[in-house]
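Hi,

Here is the model I said I would pass on.

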Amino acid sequence: MKKAKSLRLILCLILVAIELVPIGVVITNSFKRDIDIWARGPFYFKPTLKSYRAVFENSDFRLALKNSLIVATSSMAVSVFFGSMASFGLVRFRFRINTFLIFLILMLRMIPQITLALPFYILFRNLGLKDTVMGLAVAHTSFNLPYVIALLLPFFASIPKEYEEAARVDGCKPFSIYWRIFFPLAAPGIVVAAVFAFLMSWNEFLYALVLSGPRSKTAPIVVNAFLGQYAPLWGQLSVGATIMLIPVFAITLGFQKYIIRGLSSGGLKG
Amino acid sequence: MFVFPALIVIFAVSIYPVIFSLYLSFTDRTLLYLRAPKFVGFSNYSNVVSDKLFWHSLKLQLSFMAFAIPLELFVGFLVALLFLKDFPLCRLLRSLLMLPVFILPVVSGLTWRLMLQPGYGLLASFFNSISLGPKAWLADTKYAFVTVVLQDIWRMWPFMFMIIYAGLSSLPSEYLEAAQIDGAKFWQRVFHIIFPLLRPVMTMAVLLRMIDALRIFSEVYVMTYGGPANATLLLPLYIHKQAFEFGKVAYASAASVFLLAVSLALSFYLVRVSFRGEVS
């Protein structure tokens, strides 16, 4: 039995090592100079902060990081605000049409982004939303809002109906029933929804590629642009990537308990 | 009404664009708005169907899914079995395995590109040392597709693992104990008890991965941009290229309507198998 245990441990250690190698590559390369990466091979390592300095002095990257934060936060806020209300309404008021709406929303989570990118491009150009941070936030809401609704449905459904009845007897209006009773009770779900919405927006690349421009580009676009036309700036690219990974890893390790739920509600974007 | 505001937003950001895209697919609209678009009936659709490159990228898309997803499921399942019994460090290792799933697709693609650079990439040097190289992995039509699939497997088998492990740990333990007492061997228990009980969970995981694979874009875009010589031109990249490189928006819309139909059919099925019980 003892032997079987250590065999498991060794196998898993190998697997984890394989999974972590590329992440290690990004982080170690961020402490190298661009030129050392392609001139001295993968095993030369003399840590320096030169690439970090270069990236932080790059005003493009600072702007993009700010844009990424604004887009992710505002799309998250809008999605959580409207989404939690809708989710509450769909679960609490039993109309025939609600079943249909739930079905529709669950399906809408899955629209491929490229299908929406084409009409967005043309519509945004007509509306003057192209190359604006707000336009990107609107585009991100197209996947975040149905996702938030879907994720919150079981949370709201699991809150006992008695709370609502008691509140109504005490003369509570429908909106304050939602805001004062259900919103706080569903708080764990709402935090998970907010976190995943933020992550999906933070990781998003296709809409940013198609709909943004010099003013509104987000961090993934600038990180990719470090590849450049002439020489790939791998060191600076790795710095950008490492910075992008910090919130991602902080969130995943902090919210482990809820990750399965988040993922099986479709919280996954290519 | 509580649902109404969200419905308006959803209509504006998803349903209306889809309808607009459908409309575009019946016109001759180009990326640059040169003249008022004309209605052209089904000709975009018939052009898509007669485009060799479309069938090529459809074939790539299907083989991508046919290679990546079963392998991810297989590895994920085996590793979930490894974690069935506790061993030292198992909680820590389990949480470390989650990290690749959440790594930004762009970062994952770029990292693989770096690792595969001939001359200075870590993976390329590793392949050299086991005398598989030197090769320009991403510039070679034979290997580019394989590396794109490998990248996906590396990133996504932990997803399968997590879903299956969650299903496994919520199984009632009486079944397994009873079988053990009856003298069933480990593999007998796996095949006759664990596997059938986990079928619904695995179906859900596979469907989620299939729908996700239909959206794959950024990893491949930054690794190869569909090249070399269209060897990694998966369906979303094909559509992107038609629209934003060649300006054929209407044509690309027709192709994307096809992609949308497949996605919606799969998610219809997914919603039916997995969410019926949860909602009602």
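Some housekeeping before the rest. This is a predicted model, so local features need pLDDT of at least 70 and side-chain atom pairs count only at pLDDT 80 or more, while totals for chains, interfaces and linings use all residues. Residues are numbered from 1 along each chain as its sequence is written, chains are lettered from A and ligands numbered from 1 in the order in which they are written, and side-chain values use heavy atoms, with hydrogens and water left out.

Back to the interface. There, 94 residues of chain B touch 98 residues of chain A, a contact being heavy atoms within 4.5 Å. The buried area is about 8,700 Å², with 82% of it from carbon and sulfur atoms; that is the accessible area (1.4 Å probe) that two parts lose on being put together, summed over both. On the chain B side, Phe2(B), Phe102(B) and Arg215(B) supply 11% of the area that chain B buries against chain A, more than any other three residues.

Now the chains themselves. Chain A has 14 helices and zero strands, and chain B has 13 helices and zero strands (both are DSSP runs numbered from the N terminus: helices are H or I with at least four residues, strands E with at least two). The C-alpha atoms of chain A fill a box of roughly 75 × 70 × 30 Å along the principal axes; for chain B the span is about 75 × 60 × 35 Å.

Of the 270 residues of chain A, 59% count as buried, and of the 280 in chain B, 55% do. Buried means under 20% relative accessible area, exposed over 50%, and partly exposed in between (1.4 Å probe, protein chains only). Among contacts with a separation of 6 or more, residues 24 or more positions apart account for 77% in chain A and 68% in chain B.

On charges, chain A has 27 positive and 11 negative, with mean positions 5 Å apart. Chain B has 21 positive and 13 negative side chains, and the centres of the two sets lie 7 Å apart. Lys and Arg count as positive and Asp and Glu as negative, with His and the chain ends not counted; each charge is placed at NZ of Lys, CZ of Arg, CG of Asp or CD of Glu.

- Helix α5 (residues 105–115) of chain B is mostly covered, with 10 of its 11 residues buried. Trp112(B) and Met115(B) are among them.
- Val210(A) sits in helix α11 (residues 206–211) of chain A and is buried, at a relative accessible area of 7%. Leaving aside neighbours within four places in sequence, Val210(A) is in contact with Ala117(A), Tyr121(A), Lys130(A), His240(B) and Phe244(B).
- Lys241(B), in helix α11 (residues 235–244) of chain B, is buried yet has no salt bridge; Glu245(B), the nearest side chain of opposite charge, is 4.8 Å away. Beyond four places in sequence, the contacts of Lys241(B) are Tyr225(B), Asn230(B), Leu233(B) and Phe246(B).

Cheers

Terms used. A salt bridge is a side-chain nitrogen of Lys or Arg within 4 Å of a carboxyl oxygen of Asp or Glu.
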